[in-house]
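Work through these exercises with the model open beside you. Try each task before you read its solution.

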Amino acid sequence: MEVVYKSTLGNETVTKNQIFEENGFVFLPGFADVSNLVGQCQLETFRDDEQVKKSLTRYRHDDKNFEAIFESCKQKIEQIIGCKLYKTYFFDRIYYAYNELVKHKDRESCEISLSVNISSNPKNIEWPFYITSAKNEDCSIIMKPGDAVLYKGHNHAHWREPLDPNKLMIKEKSENIMYHQIFFHYVLANGKWAHYANDFIN
Amino acid sequence: MALPVVWYETKLPKAVAREMLDFCKGKSAKDKDLSSDDIIISGISWLGSFIWYYVNKANKDNFCYDLQDFENSSLKYTEYSLDETKSWCVDQDVSTLYKPPVLGSDVMHNTPTLYEDFLIKNTETVRKLSVHVQLSDYDEYEGGNLEFENFLGDKGVAPRLLGSIIILDSRIPYQITPIEKGIKKTISSWVHGPRWK
């Protein structure tokens with residue numbers, strides 16, 4: 001018999017994955033093959049990011065490699081959560097030294113979100129991603145290239161503290177530090193935000 | 001730029017939705033569409049006038065078309081159950097419209113008289129807007145999404161929320177994906193007006 005796990009927060013996105021429901025997120029080491037995306041940082045394709053001051057971002061850029069991973073991640077996530085999805089949008093961001101992602105929840109288009117680390121300089125910077133779980137606990141996750149966090153972006157607050165080279169014991173010069181992350185967003189095909197599919201509303 | 005699809009999340013109370021369902025299901029056998037299990041509802045009933053407010057608003061705020069009424073002054077109540085679907089279609093295209101006779105051609109003897117031609121040209125109506133009203137909430141069924149394409153080929157999905165009123169330009173393609181679980185209950189209709197000129 002099919003089991004549907006009810007969220008502890010109520011009025012929330014509900015999937016068929018118990019761990020995802022109990023925590024509001026799951027850490028997926030080595031989830032995505034990002035080898036085709038490493039180095040795809042032509043700065044002229046980026047623009048200033050409004051959410052993270054002094055970082056750079058690209059919204060749903062026309063690149064087959066990114067589109068292919070967007071689709072393949074969708075299929076893998078559908079298997080994990082046992083629910084069909086619609087793609088909404090994706091973007092990538094380059095963080096630099098002292099950039100901060102302020103605590104926030106995402107819009108409805110980010111009902112099911114995947115944050116994937118592409119690369120960093122120096123390699124394997126241990127810069128935590130924080131999320132408030134369904135149990136109301138603040139959890140931190142450190143990602144290496146290809147690692148991902150699957151989370152309910154619209155329901156759970158998430159953030160990153162400033163990328164401070166001193167605190168993170170990074171010896172590289174500040175101006176050479178970068179951290180490249182990509183965000184894939186989806187909505188449940190049978191959910192209350194299905195009409196955000198393809199970010200049509202935007 | 002005007003939009004090909006407009007929707008309203010009416011936040012319809014569940015009690016009102018139940019009233020609407022009771023009203024639809026309480027219709028007598030004579031109100032059944034003989035070609036299907038659909039139930040016909042009068043456009044001048046309280047239900048029709050509730051929906052007409054949103055049609056009028058969408059038209060005033062977005063489409064700005066010359067509209068007359070619901071087609072046949074009526075709407076229909078439909079239930080989609082397991083595996084039922086509606087493949088990609090458009091509610092109105094030019095192929096079904098009246099084609100005037102070509103003056104001087106050999107087929108003139110089989111064509112309408114000038115009087116009939118004048119009459120048809122000036123009274124023919126076309127479907128201009130297609131209306132769908134959600135009487136099930138998003139979690140009462142699985143599948144059954146109303147998907148559409150705009151004129152540029154971009155795909156969208158209509159809301160599944162109870163009480164959503166979705167108004168599409170009748171010329172854009174749409175489909176309803178197969179129902180995988182539960183029953184999707186909707187009221188739908190077309191709104192017609194004079195042929196495009």
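**Exercise 1: a helix in chain B**

Task: How many residues does helix H2 of chain B have, and what span does it reach?

Solution. Helix H2 (residues 46-63) of chain B has 18 residues. From first C-alpha to last it reaches 24 Å, close to the 26 Å expected at 1.5 Å a residue. The expected span is 1.5 Å times one less than the number of residues. Helices (H or I, at least four residues) and strands (E, at least two) are DSSP runs, numbered from the N terminus. Next, look past the end: Cys64(B) follows H2(B) and has a positive phi, near 60°.

This is a predicted model: local features need pLDDT of at least 70, side-chain atom pairs count only at pLDDT 80 or more, and totals for chains, interfaces and linings use all residues. Residues are numbered from 1 along each chain as its sequence is written, chains are lettered from A and ligands numbered from 1 in the order in which they are written, and side-chain values use heavy atoms, without hydrogens and water.

**Exercise 2: a strand in chain A**

Task: Find which way the side chains of strand S7 of chain A point.

Solution. Phe129(A) and Ile131(A) point one way from S7(A) (residues 129-132). Tyr130(A) and Thr132(A) point the other way. All are buried (under 20% relative accessible area; exposed is over 50%, partly exposed in between; 1.4 Å probe, protein chains only). Now the partner: S7(A) and S8(A) (residues 138-141) pair in the antiparallel sense over 4 bridges. Pairing needs at least two DSSP bridges. Phe129(A) stands opposite Ile141(A) in S8(A).
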